[in-house]
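Hi,

Here is the structure I said I would pass on to you.

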Amino acid sequence: MAKLIIMSGVPGSGKSYFSHVLRDRKGSHVYIISSDGLRDLVTGNQQDLSHDDLMWKMFYDLARVYSKDPDGIVVLDSTNTTVYYRLQAGNALRGLFDQIDLISFHMKPETIYRQNLDREWPIPTEVLANYIETFEQPQKEDYDFFDHVYIIDSKDFNEVLNKY
(Lines give C-alpha, C1' and ligand atoms only; values in the text may rest on other atoms or scores of the structure.)
Protein backbone atom coordinates (compact mmCIF):
# COMPACT_ATOMS: atom_id res chain seq x y z
CA MET A 1 0.00 0.00 0.00
CA ALA A 2 0.97 3.61 -0.50
CA LYS A 3 2.51 6.09 1.92
CA LEU A 4 0.71 9.24 3.00
CA ILE A 5 2.47 12.48 3.92
CA ILE A 6 0.46 15.14 5.71
CA MET A 7 2.07 18.56 5.48
CA SER A 8 1.75 21.10 8.27
CA GLY A 9 2.84 24.69 8.02
CA VAL A 10 1.69 28.22 7.45
CA PRO A 11 1.34 29.56 3.90
CA GLY A 12 4.76 30.39 2.50
CA SER A 13 6.65 27.95 4.74
CA GLY A 14 7.70 25.65 1.87
CA LYS A 15 5.12 22.86 1.80
CA SER A 16 4.38 23.10 -1.92
CA TYR A 17 8.03 23.58 -2.80
CA PHE A 18 8.97 20.47 -0.80
CA SER A 19 6.18 18.48 -2.49
CA HIS A 20 7.36 19.40 -5.97
CA VAL A 21 11.01 18.67 -5.19
CA LEU A 22 9.95 15.27 -3.82
CA ARG A 23 8.01 14.53 -7.03
CA ASP A 24 10.95 15.68 -9.17
CA ARG A 25 13.26 13.30 -7.31
CA LYS A 26 10.94 10.30 -7.00
CA GLY A 27 8.98 10.48 -10.24
CA SER A 28 5.54 9.44 -11.34
CA HIS A 29 4.38 7.72 -8.15
CA VAL A 30 4.24 10.95 -6.12
CA TYR A 31 0.74 12.41 -6.01
CA ILE A 32 0.38 15.96 -4.69
CA ILE A 33 -3.07 16.98 -3.56
CA SER A 34 -3.10 20.72 -2.95
CA SER A 35 -5.98 22.51 -1.26
CA ASP A 36 -4.87 25.74 -2.98
CA GLY A 37 -4.77 23.99 -6.35
CA LEU A 38 -8.22 22.50 -5.89
CA ARG A 39 -9.66 25.86 -4.77
CA ASP A 40 -8.19 27.41 -7.91
CA LEU A 41 -9.71 24.64 -10.02
CA VAL A 42 -13.15 25.00 -8.42
CA THR A 43 -13.39 28.79 -8.04
CA GLY A 44 -10.56 30.27 -10.10
CA ASN A 45 -9.00 31.75 -6.95
CA GLN A 46 -6.88 29.91 -4.38
CA GLN A 47 -8.18 32.18 -1.62
CA ASP A 48 -11.89 31.78 -2.42
CA LEU A 49 -13.36 29.58 0.34
CA SER A 50 -16.93 29.75 -1.00
CA HIS A 51 -16.95 26.15 -2.26
CA ASP A 52 -14.76 24.53 0.40
CA ASP A 53 -17.21 21.66 0.98
CA LEU A 54 -16.68 20.55 -2.63
CA MET A 55 -12.94 21.23 -2.48
CA TRP A 56 -12.47 19.06 0.68
CA LYS A 57 -14.58 16.27 -0.82
CA MET A 58 -12.34 16.28 -3.90
CA PHE A 59 -9.23 16.49 -1.67
CA TYR A 60 -10.05 13.30 0.25
CA ASP A 61 -11.55 11.48 -2.76
CA LEU A 62 -8.29 12.00 -4.68
CA ALA A 63 -6.29 10.64 -1.73
CA ARG A 64 -8.49 7.54 -1.72
CA VAL A 65 -7.94 7.03 -5.46
CA TYR A 66 -4.17 7.54 -5.25
CA SER A 67 -3.94 5.18 -2.27
CA LYS A 68 -4.53 2.33 -4.73
CA ASP A 69 -1.00 2.73 -6.15
CA PRO A 70 1.08 0.38 -3.96
CA ASP A 71 4.23 2.33 -4.85
CA GLY A 72 2.59 5.71 -4.36
CA ILE A 73 3.50 8.54 -2.07
CA VAL A 74 0.45 10.75 -1.56
CA VAL A 75 1.20 14.26 -0.29
CA LEU A 76 -1.58 16.29 1.31
CA ASP A 77 -0.45 19.86 0.68
CA SER A 78 -2.61 21.89 3.02
CA THR A 79 -1.86 24.04 6.07
CA ASN A 80 -2.98 21.57 8.80
CA THR A 81 -1.69 24.05 11.38
CA THR A 82 -3.26 22.44 14.45
CA VAL A 83 -3.26 18.96 15.98
CA TYR A 84 -7.00 18.78 15.36
CA TYR A 85 -6.69 19.26 11.59
CA ARG A 86 -3.66 16.97 11.27
CA LEU A 87 -5.42 14.13 13.08
CA GLN A 88 -8.65 14.78 11.18
CA ALA A 89 -6.81 14.28 7.89
CA GLY A 90 -4.98 11.20 9.15
CA ASN A 91 -8.08 9.58 10.61
CA ALA A 92 -10.06 10.18 7.40
CA LEU A 93 -7.52 8.07 5.50
CA ARG A 94 -6.25 5.58 8.12
CA GLY A 95 -6.34 2.04 6.79
CA LEU A 96 -5.68 3.04 3.20
CA PHE A 97 -1.95 3.57 3.68
CA ASP A 98 0.90 1.46 5.08
CA GLN A 99 2.53 4.53 6.52
CA ILE A 100 1.24 7.98 7.48
CA ASP A 101 3.87 10.63 8.18
CA LEU A 102 3.67 14.23 9.32
CA ILE A 103 6.07 16.82 7.95
CA SER A 104 5.90 20.07 9.89
CA PHE A 105 7.53 23.24 8.53
CA HIS A 106 9.10 25.61 11.04
CA MET A 107 10.50 28.69 9.36
CA LYS A 108 11.35 32.06 10.81
CA PRO A 109 8.51 34.56 10.37
CA GLU A 110 10.69 36.85 8.23
CA THR A 111 11.36 33.92 5.87
CA ILE A 112 7.66 33.13 5.67
CA TYR A 113 6.71 36.75 4.92
CA ARG A 114 9.38 36.91 2.19
CA GLN A 115 8.36 33.58 0.62
CA ASN A 116 4.69 34.58 0.77
CA LEU A 117 5.44 37.42 -1.62
CA ASP A 118 6.68 34.87 -4.19
CA ARG A 119 3.35 33.01 -4.17
CA GLU A 120 0.96 33.34 -7.11
CA TRP A 121 -1.72 34.45 -4.64
CA PRO A 122 0.07 36.04 -1.65
CA ILE A 123 -1.81 35.79 1.63
CA PRO A 124 -2.68 39.21 3.14
CA THR A 125 -0.17 40.12 5.86
CA GLU A 126 -2.73 40.21 8.69
CA VAL A 127 -4.06 36.76 7.73
CA LEU A 128 -0.54 35.36 7.51
CA ALA A 129 0.30 36.87 10.92
CA ASN A 130 -2.72 35.01 12.39
CA TYR A 131 -1.53 31.72 10.87
CA ILE A 132 1.92 32.25 12.38
CA GLU A 133 0.47 33.12 15.79
CA THR A 134 -1.91 30.15 15.95
CA PHE A 135 0.37 27.48 14.40
CA GLU A 136 0.77 24.48 16.72
CA GLN A 137 4.09 22.66 16.85
CA PRO A 138 3.71 18.86 16.77
CA GLN A 139 2.25 17.64 20.06
CA LYS A 140 2.21 14.29 21.87
CA GLU A 141 -0.96 13.35 19.97
CA ASP A 142 0.87 13.82 16.67
CA TYR A 143 3.79 11.65 17.79
CA ASP A 144 1.36 8.97 19.02
CA PHE A 145 -0.66 8.95 15.78
CA PHE A 146 1.85 9.34 12.95
CA ASP A 147 4.41 6.71 11.98
CA HIS A 148 7.05 9.43 11.61
CA VAL A 149 7.07 13.12 12.49
CA TYR A 150 9.65 15.25 10.68
CA ILE A 151 10.27 18.88 11.45
CA ILE A 152 11.76 20.93 8.65
CA ASP A 153 13.58 24.16 9.05
CA SER A 154 15.87 25.55 6.38
CA LYS A 155 18.86 23.45 7.43
CA ASP A 156 17.29 19.97 7.28
CA PHE A 157 15.14 20.20 4.13
CA ASN A 158 17.23 17.70 2.14
CA GLU A 159 17.64 15.36 5.10
CA VAL A 160 13.85 14.86 5.25
CA LEU A 161 13.58 14.57 1.45
CA ASN A 162 16.10 11.72 1.56
CA LYS A 163 13.79 9.73 3.90
CA TYR A 164 11.57 9.04 0.89
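Below is what I found, going from the whole chain down to one residue.

First, some housekeeping. This is a predicted model, in which local features need pLDDT of at least 70 and side-chain atom pairs count only at pLDDT 80 or more, while totals for chains, interfaces and linings use all residues. Residues are numbered from 1 along each chain as its sequence is written, and side-chain values use heavy atoms, with hydrogens and water left out.

The chain holds 8 helices and 5 strands (DSSP runs, H or I of at least four residues for helices and E of at least two for strands, numbered from the N terminus). Read from the N terminus, their order is β-α-β-α-α-β-α-β-α-α-α-β-α. The radius of gyration is 15 Å, which agrees with the value near 15 Å for a compact globule of 164 residues (taken over C-alpha atoms; the rule is 2.2 Å times the number of residues to the power 0.38). Along the principal axes, the C-alpha atoms fill a box of roughly 40 × 35 × 30 Å.

Of the 164 residues, 47% are buried (under 20% relative accessible area, with a 1.4 Å probe and protein chains only). Contacts are heavy atoms within 4.5 Å; among those between residues at least 6 apart in sequence, 77% join residues at least 24 apart.

The largest nonpolar core has 23 residues (a core being a set of buried Ala, Val, Leu, Ile, Met, Phe, Trp, Tyr and Cys residues joined through side-chain atoms within 4.5 Å). Ile5, Phe18, Leu22, Val75, Ile103 and Ile152 have the most contacts inside this core. At least two of its residues come from each of β1 (3–8), α1 (15–26), β2 (30–34), β3, β4 (99–105), β5 (148–152) and α8 (157–161). Leaving aside residues up to four places away in sequence, Ile152 touches Phe18, Ile103 and Phe157, among others. There is also a second, separate core of 22 residues, including Met55, Leu76, Phe97 and Phe146.

Most residues other than glycine have a negative phi. Asn80 sits in the loop between β3 (73–77) and α4 (83–93) and is buried, with a relative accessible area of 8%. Its contacts beyond four places in sequence are Ile6, Met7, Ser8, Tyr85, Arg86 and Ala89.

Best wishes

Notes: Buried means under 20% relative accessible area, exposed over 50%, partly exposed in between (1.4 Å probe, protein chains only).
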